Amino acid sequence: MSAKATMKKFASIGRVLDGLRSGSTPTPKAENEIVETLSSEDFTINKVVRHGFPYKPSAMAYDPVQHILVIGSENGSLRIFGQPGVDCHVRHDEDVAVLQLIFLVNEGALVSVCADDSLHLWNLRQKKPAILHSLKFNRERITYTHLPFQSKWLYIGTERGNIHIVNIESFILSGYVINWNKAIELSRKTHPGPVVHLSDNPIDSNKLLIGFESGALVLWDLRNKQAEYRYSCSAPLRSVSWNHEGKQFMCSHTDGSLSLWHVRTTTKPHNIMYPHARPPLVKGARPDPCTPINKVEWRTCKGQDPYIIFSGGLSYEKAAKQPSLTIMQGKNTTVLEMEHPIMDFMSLCETPWPSDIHEPYAIVVLLENDMVVVDLNSPGYPCFENPYPMDLHESPVTCVQYYADCPPDIIPALYSVGSSSQQKKRMGYSKKEWPVKGGEWGTGGNSYPEIIITGHADGSLKFWDASAVTLQVLYKLKTAKVFEKKGKSVDGEEDPYAIQIINMCLDSRLFCVAGASGHVILFRYSKQEAQLEQLTVKRRNERKEGITSIEISIVYEAEELESPDCELPPTPIGRNASTSSSSTAPHMSSSSGEGVKDNVTNIKVRSGGVKFPPGYQPDVICQFVWMDGEPPPTVTSLECNSAYGLMAIGTANGIAIVDFIQKTCLLNMGTPDLYGSADPYQRTPRSPKRNKPQGLGDIVEQGMTEPERCRSPPGNSGNSDQQNGVCLSPTSNNSKKEKRPNDAQLKRSKSQGTRKLLKKGESTASEGGNGEGIDVGCMGGFMNTDGASRCSSLLTPDRGEGSFTRSRSSSMSSLERESKEAINCLAFAESYTTKTDLITVPCLWVGTSLGSVLVIVITLPSSCEQRPSEPVIVSPSGTVLRLKGAILCMSFLDFTGNVLPLQSEPWREMNPKETPKEKTKRDIPARPKMSPSSSTEIVDRQFVVICSEKQAKVISLPSQTCAYRVKVTETSYALKSDVISMPTKSSGREACCLACYIANGHIMAFAVPSLRPMLDSEYLPLTDYRIARTFCFTNHGQALYLCSPTEMQRVTLCTETSENLQEMLGDLFLPVDTPEAPSKGFFKGLFGGGGGALDREELFGESSGKASKSVAKHIPGTGGMEGVKAASGGVAAELQKARLALNERGEKLGELEDRTAQMMANADNFSQAAHQIMQKYKDKKWYQF
């Protein structure tokens, strides 16, 4: 052995020892050292804003002076709305329903009453409202509350029929109590029931009207502590409304009636009417009962008849059809039908004073799934157009995608094509200004455009502008119009067009979606209107616009165990993808007696021309077909690349690659066939099935050779070809005729096409110690696939939507016997495919549900002129990488640690006069190929970041060595991960990180490529499958998820955004003068137009005594100093107390300094005065004084 070789050997041993000493994987060799600028200070989790309609609303309130609206929900959430763009979300500490909401009018405060018998006072004078005080009742349940205008005493009615009074400023219970047994008549022998109404007389605050559920009403004299009048209704009571003069009130009842009472007439009501009841057949008889009138409002107007507004009261036959709101004015009665049940309503009036003429101008109707505002001052009572994004759930949201830092021209482009349809929708709305106009916009905002895309159950998609904290709809796309209208699909799916996956190329504006029926649609953006129809194969080259439909089947041969006892029945010869040859071509299906569906699609593409407006127009439709009676596989991943002209579709059991320029399928195969001989899993064969009679599809297929099955139907010469395991795109001039083998050759090729399985312990693609990839060379004949296999998603909802079933076994034996493997992740890239590559080539990286990463090489024509006609070759590279858990994301970095930009072409408007071949001649961007190093040693020039459910790895390329690795979680699993950009404080530039959302509720972030932990914070435990399905990360540290069926929550991981959040949010409270009280007329004051002013402080204050401590407990909130004192045990509280003490000490030192300065000034004055006196009397004798 030469000395030089010996030195090399010792040097290599030394490097190994150095690696063992350091305890970590050695860093790959790179030309430049990577400097990471991210630090943990750059990460802070904060909720930004919530969009959509409040889920399960239960209460509503309105401030007529501040013009802000609040909606409470059954889960304890509060949504506060001002003018469009002012939207705030807060939440109670407990998930309890909000029963009632009361504004302190023009005071910047709100009282919420919850189902756990607690009261909360919210401070709205800050950007993020917080609770100042809470009061928890222990003995009695709260049923109704009332706060008189400009009063600080809150009346609380309980289930027992008692009324308690609380001071709003201090949340201290008063000693003044109205007991039910003192309020009712002594002759009454039954309990009146819970309190359902409390209100004071509009002109006499000393009189409190108490309504009980049984129908009993009492007008209570607060000053004299006695009942002044008592009323008894014939039907149970639901609500009461006063006339502004305070002499009459109206009640609504459970039998659908309205009763009108005079204050001084207690024997019977002045009038009883059944607004929607049929007239009785017998005069004097009671009409048939109607549905309860849950609420009534009596509103007066100047020079007009008053409005009587109520919900319900319809006959039971009509009520079953549609919820309604009735508006009565004089002899006119208008019934407004609503799409959803009415939860609450209120009229908006010009004045907050109950003693003034109301002058209502609008009605806010809170529905179960919507909010409607009716214009009362316009003929026909039209609705105002809702400026808030409350129609987010117009059809249930099934998919969400979030893009930050978009090209600046994408939002104007979408708005331009969507504005015309928005103008049509505005027809019929009120022309007046939206009445909820309070608050003020925030001063801050993001400098980059943001887009949110929502997919819905009816197949529609909505594009939203989310550049600020607001959300504005830009454009709506309907995918269902491409297909024939049917109620259900072939497999019985009720929502066959539901969107499941969204993928968009922002530069080229290519847009593709995957649906629930195993279909994928590729859309192109156009500013021109188009009349499109499904094109046949023969007509593709004509000068005509059209939609190409491609049917794809994922089939492969069932695996055979190496056991003589195991025999598999003969399986039909595999089928390949086919392109529909006619818009009316029949779908071949099996004619077996069992009725097994075969080679049919779930939904059919619409025949004939379809008119598409400017915007996104369909170009290619891919549909997976039924195979052997099994439905099409679920699409699990989707990726398109405009520079390559390719679209990759991953399913629950395989992959398909579609060339959308030449309109053909290049590759469709089951996941096991991607491995070739490097399959590390021992797969279980499919259960033997009974031999079914051969249908027409089987007969046709068995009479075809393998090359013929790769081609499309006759009419397209050579739609698909296969050479040495390499799939070629169809071309008319490169197709090759192959000889058709006889039956013996067919059987022999089938038996020889079955590859042997790798036994346990013999897997050449196991993870290994350093995570290096396995290079198995070229795998030939991979298109010869037989048999079909299906795979269900590893993450599926159980019977309950919030529960999950997931295999968490880490045993390799359980994985090796797995026969189903889904494609979870796809990524196009210019990268290295094998260890010996010197330059980068186009390729597709494929991540599976079993933790494997495979690489497919893509060979494109050399020039753009040849792209429409020359074949595109796709072939496996043989590279297999392994991680633990399903693959979630893959991203590529350059040697400096920056994310490699995706190859794409800019968008261009297509000329309708061009032929399809001319349209495909686009300037393909120059693909930067990294030249090899001048030395013979291969230098790593790229990194690929791969994250699975359990771990993340950074693989250096082309050597395929594991540069860095980290265990993401041990006890749980990652649900979503992505490599995103983050702004840094230190450098002011952006850096990259790997963000992960874990099933245990944690959000984690790692710097790349070193995978140093940057963030691990508990945020939101996984309690709902909806969160796992919709959670997504995007650039600038932003995230988004569907927090309820009707709401989206935006989250930021960025400290910079969190610090600017206060400026981005709007102000809810603005200083506004309260309108003056109505002046009393001369005669009203002279002849007793109301009682004298009530001194509530004297009546309910300390003179009333102290309330029992067992009735309610006061809890200080976190919105003021009370919260600081209550949280004295926390670190934050200690810091706050220390800060307060320091401020106090500083103030005392300042006072001491002022006093010292004042004493010095006084001393100087005294010294000067003494000196003057001395000078004056210095020369005088004692007797001269």
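Biologist: Which side chain does a polar contact of 3.0 Å join to that of Ser 112?

Modeller: A polar contact is a pair of N or O atoms within 3.5 Å; within protein, one must be able to donate a hydrogen and the other to accept it, and residues adjacent in sequence count only if both atoms are side-chain atoms. Here the partner of Ser 112 is Trp 122, at 3.0 Å. The side chain of Ser 112 also has a polar contact of 2.9 Å with that of His 92. This is a predicted model, in which local features need pLDDT of at least 70 and side-chain atom pairs count only at pLDDT 80 or more, while totals for chains, interfaces and linings use all residues. Residues are numbered from 1 along each chain as its sequence is written, and side-chain values use heavy atoms, with hydrogens and water left out.

Biologist: Is Ser 112 buried or exposed?

Modeller: Buried means under 20% relative accessible area, exposed over 50%, and partly exposed in between (1.4 Å probe, protein chains only). Ser 112 counts as buried because its relative accessibility is 0%.

Biologist: Which way do the residues of β34 point?

Modeller: In a regular strand, side chains alternate between the two faces of the sheet. Strands (E, at least two residues) are DSSP runs, numbered from the N terminus. From β34, Leu 510, Cys 512 and Ala 514 point one way, and Phe 511, Val 513 and Gly 515 the other way.

Biologist: How many bridges join β33 to β34?

Modeller: Two strands pair if DSSP finds at least two bridges between them. Six bridges join β33 (residues 499-505) to β34, and the two run antiparallel. Within this pairing, Met 504 has Phe 511 as its bridge partner.

Notes. Helices (H or I, at least four residues) and strands (E, at least two) are DSSP runs, numbered from the N terminus.
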